[in-house]
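Here is a briefing on a two-chain predicted model. Look at the sequence and structure first, then read the points below.

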Protein chains: 2
Amino acid sequence: MELLKNLNWRYATKKFDTTKKVSNNDLEKLKEAIQLSVSSYGLQLYKVLIIENPEIREQLKPVSWNQNQITDASHLFVFCNYKDATPEAIDGFIKQTAETRNLDLERLNGYGDFIKEKLNEKTPEEKTSWLKSQTYLALGNLLNACAELKIDACPMEGFEPDAYNKILGLDKKGLNAAVIAPIGYRHHEDHTIGQQKVRKPFDLLFQEI
Amino acid sequence: MELLKNLNWRYATKKFDTTKKVSNNDLEKLKEAIQLSVSSYGLQLYKVLIIENPEIREQLKPVSWNQNQITDASHLFVFCNYKDATPEAIDGFIKQTAETRNLDLERLNGYGDFIKEKLNEKTPEEKTSWLKSQTYLALGNLLNACAELKIDACPMEGFEPDAYNKILGLDKKGLNAAVIAPIGYRHHEDHTIGQQKVRKPFDLLFQEI
């Protein structure tokens, strides 16, 4: 099975080869995989920054636990959730759905109202958590797409979101850095290459009912 | 590219064929894909229930917005995060890492302390959000594995976690139902088959820097 083969090939890359870059052609495929991610109601309330600029990555490194992957990788993906699900965003989604599927907008508006109503039931903390968690589905697709293309990646939560938001000007766009992933190609001297994966056994991870 | 082909094949299945069951052989592969999911520090602080039992699914349906997929699908996957990252769980992970990789436990304990320290910096709300979001990475892998095996799935947040926790006895195990996915095979009468996907265009979804 391709996915299992790819998942076994990949690992959280600690040391990237600074001389190798991901091609534009591959970047387009990675973007497509992210674009096709599922999200709650299909809203996709996030934006993904793809940072190649070395100066900006130098600025991000000290607020990323000084991890070398930030600057050594080919590109840095920053998954940013919108801080709120605004009525405008939901209306926009409903409008796009009507246009894409050639449906009557009037008939879809009830669904938009339903989404708004459901989101209003969430506390602010629940809403923030919900918005952030959607980006993890997009991250997962990035990692799987990378693995199929034999591109290395290192998903990371070890960074300071507030500092990222400031450096990248996310605050004024209503965005928040949720999770990041440098991607590129493993350095042959990465001492973690080939390390056995540590995973819970089936009997601890699953329960069949 | 296989993943893109699979992502385009899949859709959030609204009507399952009640006569078709996912084979045990395929279920094992799905479990493997979930097991290989990335998670923060590699901790995998969740458990996945795979529910086939019809009576339990009948009980879950009314607390799942009465969605038919709960009972009609072949199996219902319930991704449950642990409500806390206990020191014991982290110690267990460190021990397993030492054993799996044949490393000196003493040398790894510092890393365990580092994880505990970092987690202590999170507010209770942040910790809950962090624990839940890890299950979305596992859900993503389930969906991608299903798509490769031409198994249909419908990721869902439309259910009442508290009721699930009660019915499934999760509370007393320190677990919380975070996100669910019925899986099986699409019914040929599902009116949503072949609907055009609604996705944000690249220029709204990505920013290259």
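Six of the six residues of strand S1 of chain B are buried, so S1(B) is largely enclosed by the rest of the structure. Buried means under 20% relative accessible area, against over 50% for exposed and in between for partly exposed (1.4 Å probe, protein chains only). This is a predicted model: local features need pLDDT of at least 70, side-chain atom pairs count only at pLDDT 80 or more, and totals for chains, interfaces and linings use all residues. Residues are numbered from 1 along each chain as its sequence is written, chains are lettered from A and ligands numbered from 1 in the order in which they are written, and side-chain values use heavy atoms, without hydrogens and water.

**Strand S1(B)**
- Both faces are covered. B:Tyr46, B:Val48 and B:Ile50 are buried on one side, and B:Lys47, B:Leu49 and B:Ile51 on the other.
- In a regular strand the side chains alternate between the two faces of the sheet.
- S5(A) and S1(B) run parallel, joined by three bridges. A:Glu208 stands opposite B:Ile50.
- S1(B) pairs with S2(B) in the antiparallel sense over six bridges. Here B:Lys47 stands opposite B:Cys80.

**The sheet**
- Five strands form an open, mixed sheet in the order S5(A)-S1(B)-S2(B)-S4(B)-S3(B). Two strands pair if DSSP finds at least two bridges between them. Strands (E, at least two residues) and helices (H or I, at least four) are DSSP runs, numbered from the N terminus.
- S5 (206–208) of chain A and S3 (152–153) of chain B stand at the edges with a single partner strand each, so one side of each is left without a neighbour in the sheet.
- S3(B) pairs with S4 (residues 175–184) of chain B in the antiparallel sense over two bridges. B:Asp152 has B:Gly184 as its bridge partner.

**Helices on the sheet**
- H2 (residues 24–35) of chain B lies across S5 of chain A and S1, S2 and S4 of chain B, at about 20° to S2(B).
- H7 (residues 124–148) of chain B packs on the sheet and touches S1, S2, S3 and S4 of chain B. Contact means heavy atoms within 4.5 Å.

**Between the chains**
- The contact of H1(A) with H7(B) has three nonpolar, two polar and two charged residues. Ala, Val, Leu, Ile, Met, Phe, Trp, Tyr, Cys and Pro count as nonpolar, Asp, Glu, Lys and Arg as charged, and the others, Gly among them, as polar.
- A:Glu2, A:Leu3 and A:Leu7 of H1(A) meet B:Asn141, B:Asn144, B:Ala145 and B:Glu148 of H7(B).

Note on methods: Axes fitted to C-alpha atoms, helices over the stretch in contact; angles between N-to-C directions.
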